[in-house]
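Here are my notes on this one, as promised. Have the model open while you read.

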Amino acid sequence: MKRRKRKENLKNLIWAKTNGICAKCGRGVEIDKRTIDHFIPKYHGGTDDMRNLIPLCKACNRAKSSRLMSIEECCPFLDEEYIKQIRKYVGK
Ligand SMILES: [Zn+2]
């Protein structure tokens, strides 16, 4: 129960980055279709760092899968502030 709650909180934080729209397709997404995706997939060494977590709808998440994408391709609807964070994360 506790664990689930923590997960929900994280999801809210990530989705607050875009105010509830998908970072890739820009559509407003209902709560039960919201997912969190890793910009750099875990498969490619990405971590659970907040900067690496982006809000994607289920469809975009599925389409992205574990591919590496450019910021422009992956999150055109993300605010500049968060884009900068991703750049920093990628550059480290
Ligand atoms: Zn989407």
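1. Ground rules. This is a predicted model, where local features need pLDDT of at least 70 and side-chain atom pairs count only at pLDDT 80 or more, while totals for chains, interfaces and linings use all residues. Residues are numbered from 1 along each chain as its sequence is written, and side-chain values use heavy atoms, with hydrogens and water left out.

2. The largest pocket. Its volume comes to about 270 Å³. A pocket here is an open set of points on a 1 Å grid over the protein atoms alone, where a 1.4 Å probe fits, with protein on both sides within 12 Å along at least five of seven lines; lining residues have an atom within 4 Å of a point. Grid points are joined across faces, edges and corners, and the volume is the space filled by probe spheres set on them.

3. Its lining. The residues are R4, K7, E8, L10, K11, R34, T35, I36, H38, K42, D48 and L53. α1 (2–16) gives the most, with five residues, and β1 (34–38) also supplies at least two. Helices (H or I, at least four residues) and strands (E, at least two) are DSSP runs, numbered from the N terminus.

4. N52. This residue sits in the loop between β1 and β2 (53–57). Is N52 buried or exposed? N52 has a relative accessible area of 0%, so it is buried (under 20%; exposed is over 50%, partly exposed in between, with a 1.4 Å probe and protein chains only). Leaving out residues up to four places away in sequence, N52 touches D37, H38, F39, I40, G46, T47 and Y89 (contact means heavy atoms within 4.5 Å).

5. P41. The loop between β1 and β2 also holds P41, which counts as buried because its relative accessibility is 5%. P41 and S66 are 25 residues apart in sequence, yet their C-alpha atoms are 5.5 Å apart. S66 is also among the contacts of P41, along with G46, K64, R67 and L68, again not counting residues up to four places away in sequence.

6. Cysteines. How many disulfides are there? The count is zero, taking a disulfide as a pair of cysteine sulfur atoms within 2.5 Å. For C75, the nearest cysteine sulfur belongs to C74 and is 4.0 Å away. C75 is buried because its relative accessibility is 0%, and C22 is buried at 0% too.
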